[in-house]
Amino acid sequence: MPLERLIDVLEQLREAHEQLIALGTQKKEALISNKVEQLIQVMNQESKMSRHIEQLDDQRQQAAYEFLQERGIKSKLNLNITELSRLVFDVEDKQRLLQIQKNLADTLGELKKLNELNQQLIKQALSYIDFSIESMSYYAESEAVYQRPADKSTSAVRAGLFDTRA
C-alpha cells in the first residue's frame with residue numbers, strides 16, 4: 001500500500017536526521033576541543049548522510065506520487081504531508097501520518113538549533129584565529145630592537161596583514 005510505503009520512508013527520513021543530530025553533536029565536541037582530524041571525519045560522515053537523505057527524499061516524493069495515483073489523482077503535485085493527510089480517510093492512518101510529520105518536524109527543529117550553535121562556534125574559532133594572526137603581525141620588526149626614545153620616528157605603526165579597514 002502506497003500510504004504504508006510513504007510512512008515508512010518518512011520514518012527513515014526521521015531516523016537519518018537523528019543520525020545527523022548525533023554527528024552534529026560530535027562536531028560540536030570536536031569544535032570545542034579543537035580536534036581538527038575528528039572534525040574532518042565528522043564532516044565527511046555528514047556529507048554521506050546528506051546524500052542518503054537526498055535519496056530518501058526522492059523515495060518520499062515517489063511514494064507520495066504513488067499514493068496520489070492510488071487516490072485517482074494523475075498529476076505530479078508536490079504536496080506536503082498535511083495536504084496528503086487530507087486525502088487519507090482512515091482515522092488511524094491519518095493519525096499515524098500526522099504523528100510522523102510531528103516527529104520529523106521536531107527532529108528537524110532540533111537539528112536546526114544544533115547547526116546554528118555549530119555555526120556560531122565556527123565563527124568564534126575563525127575570529128580567534130584572525131585575532132591571533134593580527135596580534136602577531138601588528139608590531140613592525142624594527143620595534144623588536146631597542147632604540148633611544150629621541151631617535152624614534154613619529155610615523156604610524158604598520159597595520160596588520162589582514163586589516164580589512166579602509
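Student: Why does E46 count as buried?

Tutor: The relative accessibility of E46 is 12%, and buried means under 20% relative accessible area. The value falls under the cut-off, so E46 counts as buried. Please keep in mind that this is a predicted model.

Student: Where is E46, and which residues does E46 touch?

Tutor: E46 has its place in helix 2, which covers residues 36-70. Leaving out residues up to four places away in sequence, E46 touches L20, L23, G24 and K27.

Student: Let me try Q45. What makes Q45 count as buried, partly exposed or exposed?

Tutor: Q45 has 40% relative accessibility. Buried ends at 20% and exposed begins over 50%, with partly exposed in between. The value of Q45 sits between these cut-offs, so Q45 counts as partly exposed. Q45 also lies in helix 2, and Q45 touches L23 and Q26 when residues up to four places away in sequence are not counted.

Student: How far apart are the C-alpha atoms of Q45 and L20?

Tutor: They are separated by 8.8 Å, and the two residues are 25 residues apart along the chain.

Student: How many helices and strands does the chain have?

Tutor: There are 4 helices and 0 strands. Read from the N terminus on, the elements run α-α-α-α.

Student: How do you know whether helix 1 and helix 2 are roughly parallel or roughly antiparallel?

Tutor: Start with the angle: helix 1 and helix 2 pack at about 165°, and their axes are 9 Å apart. Angles over 145 degrees count as roughly antiparallel. The angle passes that cut-off, and therefore helix 1 and helix 2 are roughly antiparallel to each other. Their crossing is left-handed. In the contact of helix 1 with helix 2, the residues divide into 20 nonpolar, 10 polar and 7 charged.

Student: And how do you know which way helix 1 and helix 4 run, roughly parallel or roughly antiparallel?

Tutor: Helix 1 (residues 2-32) and helix 4 (residues 91-136) have axes that cross at roughly 20° and come within 9 Å. Angles under 35 degrees count as roughly parallel. The crossing angle is under that cut-off, so helix 1 and helix 4 are roughly parallel to each other. Helix 1 passes helix 4 in a left-handed crossing. Here the contact residues divide into 18 nonpolar, 6 polar and 9 charged.

Student: What makes R14 a buried residue?

Tutor: The relative accessible area of R14 is 18%, and the limit for buried is under 20%. The value is under the limit, so R14 is buried. R14 is found in helix 1. Apart from neighbours within four places in sequence, R14 is in contact with N103, L104 and T107.

Student: Now L84. Why is L84 called buried?

Tutor: L84 has a relative accessible area of 2%. L84 lies in helix 3, residues 81-85. Not counting residues up to four places away in sequence, L84 touches L6, A64, F67, L68, L79 and L97. For one of these, F67, the C-alpha atoms are separated by 8.6 Å, although L84 and F67 are 17 residues apart along the chain.

Student: Which residues have the most contacts inside the largest nonpolar core?

Tutor: They are L3, L6, L10, L84 and L97, in a core of 26 residues. Helix 1, helix 2, helix 3 and helix 4 each supply at least two residues of this core. The largest share, 9 residues, comes from helix 1.

Student: What share of the chain counts as buried?

Tutor: Of the 166 residues, 28% count as buried.

Student: What is the phi of N34 near?

Tutor: Phi of N34 is near 60°, a positive value in a residue other than glycine. Most residues other than glycine have a negative phi.

Notes:
Residues numbered from 1 in each chain as written. Predicted model: local features only at pLDDT ≥ 70, side-chain atom pairs only at ≥ 80, totals over all residues. Heavy atoms only, no water. Axes fitted to C-alpha atoms, helices over the stretch in contact; angles between N-to-C directions. Parallel < 35°, antiparallel > 145°, perpendicular 65-115°, else oblique. Left-handed = near helix turned anticlockwise from the far one by under 90°. Nonpolar A, V, L, I, M, F, W, Y, C, P; charged D, E, K, R; others polar. Buried < 20%, exposed > 50% of the residue type's maximum accessible area, 1.4 Å probe, protein only. Contact = heavy atoms within 4.5 Å. Core = buried A, V, L, I, M, F, W, Y, C linked by side-chain atoms within 4.5 Å.
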